[in-house]
Amino acid sequence: MKIERPGQKDDTPNPGSGTGDPRLVTALLTRFRDVQEWSYMPGAVVALPVADMESTFIPSRQISSPFGGPEECDKWTAGMWFAVLQRYNTAGVQVAVTQTMEFSSPGAQRPRRPESAGFSEAIITGSPAMLNRLGDPNLPAQCHHLSDANVGSGDIQPLPVPHLGERSWAYRITGSGKVPIWQWVEVIQTSRYLLEIRIPNQEPRPRTDPAKLLPQIAQEAYAKTEAAFQ
């Protein structure tokens with residue numbers, strides 16, 4: 001995972017074709033609550049199709065779980081961005097991505113427990129048919145239970161969240177080893193876009209339970225995206 005500090009530039013070229021919708025960049029959250037210091041990957045829009053599928057430009061701005069599985073599980077485990085690249089890498093589709101993490105000042109005696117959690121955000125635009133398929137909240141049977149030789153097993157468990165957009169749903173990815181929960185994820189769908197927030201397991205843990213922070217971050221992200229599309 002490549003992280004930039006404020007003021008630094010990412011030298012990885014954007015692998016997209018053409019210029020993305022500038023509203024999508026302004027829609028991305030750059031911080032959450034009154035956090036003093038952030039490291040972050042600058043938000044960017046990738047206009048598909050992407051020719052270089054090995055590019056780290058999008059993955060460096062997104063947080064994926066360590067689990068793989070059947071193709072039907074991609075959007076749940078790796079994220080919406082990965083499912084889009086694998087299935088909808090065509091003209092007319094755009095993906096806006098960013099990632100933010102709080103960091104402690106150099107020389108700090110002990111890590112602070114931040115009030116807000118680090119997270120990644122993706123905003124996806126495209127045809128209504130694509131948004132409906134990606135935004136389907138029904139978990140395939142083969143995705144309920146996950147396994148990986150390096151991290152053990154895990155489950156995808158639904159989380160209750162307030163209604164946002166035309167439909168919204170959330171879940172957590174659990175683990176069987178030292179990491180009891182790998183990620184907390186919320187997806188919001190409207191007729192114009194899909195929005196995904198992913199909070200990873202992180203140390204130090206935020207003071208507020210990530211399951212409670214997730215809908216709060218999603219609410220701010222949704223409000224900012226709606227404002228950008230006015």
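The description goes from the overall fold to the strands, then to individual residues and a pocket.

## Overall fold

The structure is a predicted model. The protein contains 5 helices and 8 strands, and their order along the sequence is α-β-α-α-β-β-α-β-β-β-β-β-α. Of its 230 residues, 50% count as buried. Among contacts with a separation of 6 or more, 71% are between residues 24 or more positions apart.

## Strand pairing

| Strand | Partner | Sense | Bridges |
|---|---|---|---|
| Strand 4 (residues 145–148) | Strand 5 (residues 152–159) | antiparallel | 4 bridges |
| Strand 5 | Strand 6 (residues 167–174) | antiparallel | 4 bridges |
| Strand 3 (residues 119–125) | Strand 8 (residues 194–200) | antiparallel | 5 bridges |
| Strand 7 (residues 181–189) | Strand 8 | antiparallel | 7 bridges |

Strand 5 pairs with strand 4 and also with strand 6. Strands 4 and 5 form a hairpin, with 3 residues joining them. Within this pair, leucine 146 has glycine 154 of strand 5 as its bridge partner.

A hairpin with 4 residues between its strands is formed by strand 7 and strand 8. Glutamine 183 has proline 200 of strand 8 as its bridge partner.

How many residues of strand 3 are buried? The count is 7 of 7, so strand 3 is largely enclosed by the rest of the structure. Both of its faces are covered: one carries Phe119, Glu121, Ile123 and Thr125, the other Ser120, Ala122 and Ile124, and all are buried. Strand 8 is mostly covered, with 7 of its 7 residues buried. Leu194, Glu196, Arg198 and Pro200 lie on one side of strand 8, and Leu195, Ile197 and Ile199 on the other. The buried residues of these strands include charged side chains, among them Glu121 in strand 3 and Glu196 and Arg198 in strand 8.

Serine 168 belongs to strand 6. Is this residue buried or exposed? With a relative accessible area of 17%, serine 168 falls under the 20% limit and therefore counts as buried. Its side chain has polar contacts with two backbone atoms: a polar side-chain atom is 3.3 Å from the backbone oxygen of proline 162, and the side chain reaches the backbone nitrogen of leucine 164 at 3.0 Å. Beyond its neighbours within four places in sequence, serine 168 contacts Pro162, His163, Glu186, Val187 and Ile188.

Glutamate 166 is in the loop between strand 5 and strand 6. Which residues does glutamate 166 touch, not counting those up to four places away in sequence? They are Gln189, Thr190 and Ser191. Glutamate 166 and serine 191 are separated by 25 residues in sequence, yet their C-alpha atoms are 7.5 Å apart in space. A polar atom of the glutamate 166 side chain is 3.0 Å from the backbone nitrogen of serine 191.

## A cis peptide bond

Leucine 48 and proline 49 are joined by a cis peptide bond, with omega at about 10°. Proline 49 is in the loop between strand 1 (38–47) and helix 2.

## The second largest pocket

The second largest pocket has a volume of about 160 Å³. Helix 2 (74–77), helix 3 (80–87) and helix 4 (128–134) are the elements that give two or more residues to its lining. The lining is made up of Glu71, Glu72, Lys75, Trp76, Ala83, Arg87, Tyr88, Arg133, Leu134, Asp136, Asn138 and Pro140. By class, the lining residues of this pocket are 5 nonpolar, 1 polar and 6 charged.

Key. Residues numbered from 1 in each chain as written. Predicted model: local features only at pLDDT ≥ 70, side-chain atom pairs only at ≥ 80, totals over all residues. Heavy atoms only, no water. 1 Å grid on protein atoms, 1.4 Å probe; cavity = no way out; pocket = protein on both sides within 12 Å on 5 of 7 lines; lining within 4 Å. Points joined across faces, edges and corners; volume = space filled by probe spheres on them. Pairing = 2+ DSSP bridges. Buried < 20%, exposed > 50% of the residue type's maximum accessible area, 1.4 Å probe, protein only. Polar contact = N/O pair within 3.5 Å; in protein donor to acceptor, adjacent residues only side chain to side chain. Contact = heavy atoms within 4.5 Å.
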